[in-house]
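Dear colleague,

I am passing on a structure that you have not worked with before.

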Amino acid sequence: MPIEDIQRGLEKLQAIAMRLELKEGINQCVIINDSYNADLASLGIALDFLNSQRQDKPGSLIVSDIYQTGLPEEVLYGLVADMAKAKKAGRLIGIGAQITAHRHLFDTTDLFFSDTDEFLRSFDFGSFRNEYILLKGSRVFGFERIGEYMQQKDHQTILEIDLDALVHNLNVFRSLLKPGVKIMGMVKAFSYGSGSLEVAGALQYHGVHALAVAYADEGRALREGGIRLPIVVMNPEVRNFDVLFDWKLEPEIYSFDLLDRFIAGLTQRNGNNREKSLSAEAEEAFPVHIKLDTGMHRLGFLADEVPILAQRPRHLPQVRVASVFSHFAASEDARQDQFTLEQLNKFDVACNSLSEALGYMFLRHISNSAAARRFPEAQLDMVRLGIGLYGIGPDDYLSDLLRPVGTFRSVVSQVKMVAAGGSIGYGRNVLTHQPMQIAIVPVGYADGLNRKLGNGRGKLLINGSLCPIVGSISMDMCCADVSNISCSPGDQVIVFGPGRPVTDIARELETIPYEVLTSVSHRVKRVYYQG
């Protein structure tokens, strides 16, 4: 076969549907469905993924007989038992005649069933609560039935998150960084629509230095989910200082007023702690992150405030400056490179003044995804990666290297023929001059499909063809013109993803990819998978 034909075929390959999918389950559980096959190597990978996601939450492993390993059964299931114990799988449920026959190799609290039917028939699913459950089974056991039974039922519009693509993008940026440069992962705004805890868990597992959120409540949710990394809160609010203290969240300090209020809150907190306990922990300096305004003119200390600021922290033993940072205004735009370099110079001068006044050095960071590549001299001690992690490149070079993380997809609910002279949707904005076949798709503006994409402006990818959206987009559904393609109920629809880039939608809306990604509603179920 010619190599060109092979390449074209590989480009059309789709991710296997039941490959380490992570879905919301019954009773506040999370289901990790890896029921495509079972062998020792993939079991180890799946258990590692379980641990990267669940953090400190309880877990359960449902595993079937494992075939065609060439090992004696006694040895094989001894290895399974040892692996489950070593990787702290939690409760183990074995399904199959072989694993049941070797139950003596496992803990006495583990459960065993002869086949999937017996498990579905007799197991108390109410015993699964607020935990992560890994399904790992040979294909013949039909574990997809278990997954279907345990999955939280929802409508068929979903946002698929490819965690392999996230890690790939992380490693692309790592390859661009100088040795020793750290990475802060931006997981604010629900990780740009991708889901905060799951993305944060993957970034923590793969060794980023810190995470950043917009508000304290986002940081608390990550802590409750088991995230242990430093978490920077970019917009701390006075009323949420107790959340910062209770959950060890590190605030951005951008003004003297905020600094004074934070110190007052921290002093009061330490005083109350001393009254309750003589523990030295109450006196431990609290990490803060100083924000400088070098030209962006949003939050931050201005250049003429830096000399005054430099005199303050030395008299404030309650806090420790963990980092000083700023924002580039236009690091992706070559026309603004002179301004970007001026920002970098201002930042360097300010950091030197602050470091000299403090008597110690802190982490310095100013680079975003674009600057990490375009301005290596600005990488400093750490870079902040946001949109690039999620597969949107600031330039053609990075766009070719990065992989999209999210696929926003739905299905065709109904196909019908509209006669000439008919109308489609609210307001009768589209009148058919000839017969038109339309597909009704259960995704609307309440899901994040912008109404401006209606009436022919936007498109949906159906069976590999871009089909114009016709009529006004409704709250929960829309219609597409499928007159020129073969289409049936149940066919897959891609709102954005492979073949329909987010950047194209942003262009049609005259906006930026950030807005498209963060507009996907929380009611849209996120499904996570790793190959």
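The buried residues of helix α9 are Ser196, Leu197, Glu198, Val199, Ala200, Gly201, Ala202, Leu203 and Gln204. Before going further, please keep in mind that this is a predicted model. Helix α9 covers residues 196–205, and because nine of its ten residues are buried, the helix is largely enclosed by the rest of the structure. After α9 comes Gly207, which has a positive phi, near 85°.

One of the elements that α9 meets is helix α2: the axes of the two helices come within 7 Å and cross at roughly 115°, and the crossing is right-handed. On the α2 side the contact is made by Asp48, Ser52 and Gln53, and on the α9 side by Glu198, Gly201, Ala202 and Tyr205. Sorted by type, the residues of this contact are two nonpolar, three polar and two charged.

**Helices α2 and α3**

Helix α2 (residues 40–54) also packs with helix α3 (residues 73–86), and here the axes come within 11 Å and cross at roughly 10°. Angles under 35 degrees count as roughly parallel, and α2 and α3 are therefore described as roughly parallel to each other. This crossing, too, is right-handed. The contact brings Leu40, Leu43, Gly44 and Leu47 of α2 together with Leu76, Leu79, Val80, Met83 and Ala84 of α3, and its residues divide into eight nonpolar, one polar and no charged.

Tyr67 is found in the loop that links strand β3 (59–64) to α3. With a relative accessibility of 35%, Tyr67 counts as partly exposed. Leaving aside residues up to four places away in sequence, Tyr67 touches Gln98, Ser138, Val140 and Phe141. Asn37 is 30 residues from Tyr67 in sequence, while the C-alpha atoms of the two are 9.6 Å apart in space.

**The parallel sheet**

Turning to the strands, there is an open sheet of eight, in the order β14-β13-β12-β11-β10-β9-β8-β15, with parallel pairing. Its edge strands, each of which pairs on one side only, are β14 (363–365) and β15 (382–385). From one strand to the next the twist averages 30°. Within this sheet, strand β12 (residues 286–291) and strand β13 (residues 319–325) pair in the parallel sense over six bridges, and Pro287 has Arg320 of β13 opposite it.

**Strand β20**

Strand β20 (residues 436–441) is also largely enclosed by the rest of the structure, because six of its six residues are buried. In a regular strand the side chains alternate between the two faces of the sheet. Both faces of β20 are covered, with Met436, Ile438 and Ile440 buried on one side and Gln437, Ala439 and Val441 buried on the other.

Two antiparallel pairings of this strand can be followed in the model. Strand β17 (residues 414–418) is joined to β20 by five bridges and runs antiparallel to it, with Ile440 in β20 as the bridge partner of Gln414. Strand β23 (residues 478–481) is likewise antiparallel to β20, and four bridges join the two; in that pairing Val441 stands opposite Cys478 of β23.

With best wishes

Notes:
Residues numbered from 1 in each chain as written. Predicted model: local features only at pLDDT ≥ 70, side-chain atom pairs only at ≥ 80, totals over all residues. Heavy atoms only, no water. Axes fitted to C-alpha atoms, helices over the stretch in contact; angles between N-to-C directions. Parallel < 35°, antiparallel > 145°, perpendicular 65-115°, else oblique. Left-handed = near helix turned anticlockwise from the far one by under 90°. Contact = heavy atoms within 4.5 Å. Nonpolar A, V, L, I, M, F, W, Y, C, P; charged D, E, K, R; others polar. Pairing = 2+ DSSP bridges. Buried < 20%, exposed > 50% of the residue type's maximum accessible area, 1.4 Å probe, protein only.
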